[in-house]
Structures are given as structure tokens and as C-alpha cells.
Amino acid sequence: MGLRIRLLLLLLLLVGAAAAAAGSKEEKGRVGGGLRFRRGSGTFKVVQVADMHYADGARTGCLDVLPSQVAGCSDLNTTAFLYRLFRAEDPDLVVFTGDNIYGADATDAAKSMDAAIAPAIDMKLPWAAVLGNHDQEGTLSREGVMRHLVGMKNTLSRFNPEGVQIDNYGNYNLEVGGVEGTLLANKSALNLYFLDSGDYSTVPSIGGYDWIKPSQQFWFQQTSSNLQTKYMKEQPKQKEPAPGLVYFHIPLPEFSSFKASHFRGVKQEPISSPSINSGFFATMVEAGDVKAAFVGHDHLNDFCGKLDGIQLCYAGGFGYHAYGKAGWSRRARVVSVQLEKTGSSEWGGVKSIRTWKRLDNPHLTTIDSQVLWSRGSNEQLEVSFEGS
């Protein structure tokens, strides 16, 4: 085969590969860096990763694993789980909900954060993050950690809304557009809210964990109201608000409201919420668009419970340098949002929101699949149990 022909074949292969990559990005709605529902399936999938507690990679040992797992177990097991999870779920967005690193054990906080997030960047997945109560305990301040996060590749994280006086670092929202080429292509059919729930109380008379402040709640109220007005008043007008999902780290006091028969998943430790109730749950209820809120912080809790129309969900602990329970698999929460078909057989607004968890075991077992919200119907449950 002549050199000219070989070069031509190579060029054709490169063009084909580029076209395939472009087609994949369009299918996932990543054209131009925005988030969008997938054209073929009408879905948008979020993987939540809570409490990686990453430190110094291979030099950082694992906590609370079986004796047979101790040898050779390190932060790299957390990294391996991320890769396996992302390949299995192929998410449209990854959300890291705090304690992404364990600052006290991280020699260099910036390098630890880079290593913790690396699988999402390597796989070119859009991602967003909020802070927990341990991220800032190393060589970077809380502000420094968030500034580092917003400067990383593929991130959709934001430091704070521009022109707004607001407490803490990492309060922002993301809009998920309808399917390209449909009537809702230029509207946000799903709204994602991210808030910094702080670390520890700075009020001398109040101990324990921090809480979501009035300035943050006011920003959330204004943002939610503006998004609802746009969705329902601007053409094409919609009858109901677009659903909202909220992500932060420390659970609200309302997570303690559920009896065992009223949630799906497990509660294996007390709810480590702030000692005061700042009213953010009531704020979400009053906003009217929030269907679910997702947290981390308590690694041995992974349940979802419904209160006043909002599902309150834990993700369960993910990282191997985080405390856990020997023999109880590390895990992640997946949320899949499905659009409905309109009378003209094109994708419309959101029809349902589902969730399940993935376990870091040999089969990446899926457990506790359930419908968090469905338009026009009551909650439905499809339950599977660990080990099935």
C-alpha cells in the first residue's frame, strides 16, 4: 500500500473518530459546555459522590474494612471505585457533596483535591462540588479550597453568585436544558441548587456544626422564584415549575423525622445535623419546586425519606479513608431524571425522578431503586436489597 493511500486512510479514521466523539457529546447535551437532556432517551443522570476523604493516595490507608482487605488498601481504592462507577453509569453530571478530601491528613490539599477529582476529569465528565466540614483542615483555607475547585478542568462549580453578598463559599445553581431541537430546548427543564452548609458553628454559645445562613436562603428563594417565572411565563409557557434538586453536605434537622417504616435505605448512626434549625427545609417547601435534597456527612446512613413533598436523601459513604463499617460496601447515589413525551411525540418537561445506589462490590450491585417523584402520581417504590 502506497504512502499516499495510507495517509488518506489515516485521515479518514481521524475524521471518523472526531465525528463519533462529536456525536457522543451532542447525545449527552454537552455541546457548548451546557447541561442538556439526552436526545435519544430524554434522560439526565447525576451521580452523587459523598465523603471521599481523600488524602495522600497510595500512602493513605483505609479505615473500617475487613481484615482481608487491609493489605494494600488505600485512597487508590477510592479512585478505582470512581472509575468503575463512571464507566457503569455514564453520567451526565457528577456531584461531589463535600469532605472530598480529609484536610488534616493531606500533605498538600491542592494535590489531594486534584487526585480525588481526577477520574471525572480524565473521563471528561462535567462535575460540580460543594464543601464539607473537613476539606479546609489542611494547607488551604475554606475559601482557598473552593477557589481551587472552580479553577479545575471540566468543573461547573462556582465560587458564589456574582454581585451577591452571601455567606460561605460555593453557593450556585445549574440549569439543565430540554432536548435540543424541541420546544423546551431554550428552557431549563431541571434546576440544580448547590449550597455550602459550612463546617462548625462560630457562635460561642452554640456548639456543633454550622448551618445554612439567611443570606444563602434568600439567594435560593430569589433564584428559585426567577427560574419558575421564566419557565411558566415565557414562551412556551408551562403549567408547573421545573423540578429542583438541592445538594449540600451537612443534613438538616428534618432528616431525624423518619421512623424506620417511612424511609428506604438504612439509618445506622445518629443524624449529625446542626444543633439549631435555621429553617432551610421550610424555605425549600415554600419555594415549591424542590423535589429532593441530597447530603453526605453521615457515612453509615443511605436512606431517602419523604417529608412535606420533599425527599431527603443520604448518599452513603464513598471513600476508603473515611470511617465506614467493615463488610458494608462503600456506595454512591445515582439520580435519573426522565422527560415525558408530548402529544407531538417530542420530549417535553420532566415526567419522573428515580434514584438507586451502586455498591463497590465485585458486581457493582444496584440496590434500593425507587421513584422519588412522578408527575401526576403518588410515589412508587421498586426495592432490591444488598446482596441480591
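**View 1. A network of salt bridges links D302, R331, K357 and D368.** This close-up comes from a predicted model. Within the network, R331 and D302 pair with their closest N and O atoms 2.9 Å apart. R331 belongs to strand 12 (residues 331–341), while D302 sits in the loop between strand 9 (290–295) and strand 10 (304–307), so this pair ties together parts that are 29 residues apart in sequence. Both R331 and D302 are buried.

**View 2. R142 and D199 join their side chains in a salt bridge.** Here the N to O distance is 3.7 Å. Helix 5 (residues 142–150) contributes R142, and the loop between strand 6 and helix 6 (214–233) contributes D199, so parts 57 residues apart in sequence are tied together. R142 is buried, with a relative accessible area of 10%, and D199 also counts as buried, at 16% relative accessibility.

**View 3. R39 and E180 form a salt bridge between two loops.** Their closest N and O atoms are 3.4 Å apart. R39 lies between strand 1 (35–36) and strand 2 (43–49), and E180 between strand 5 (172–177) and strand 6 (188–194), so the pair ties together parts that are 141 residues apart in sequence. Take a look at the accessibility here: R39 is partly exposed, with a relative accessible area of 36%, and E180 is partly exposed too, at 38%.

**View 4. Stepping back, the protein holds seven helices and 14 strands.** The salt bridges number 14 in total. Of the 388 residues, 55% are buried. The accessible surface is about 16,700 Å², and carbon and sulfur atoms make up 54% of that area.

Definitions and conventions: Residues numbered from 1 in each chain as written. Predicted model: local features only at pLDDT ≥ 70, side-chain atom pairs only at ≥ 80, totals over all residues. Heavy atoms only, no water. Helix = DSSP H or I, 4+ residues; strand = E, 2+ residues; numbered from the N terminus. Buried < 20%, exposed > 50% of the residue type's maximum accessible area, 1.4 Å probe, protein only. Areas by Shrake-Rupley, 256 points an atom, 1.4 Å probe, with all protein chains shown as cover. Salt bridge = Lys/Arg side-chain N within 4 Å of Asp/Glu carboxyl O.
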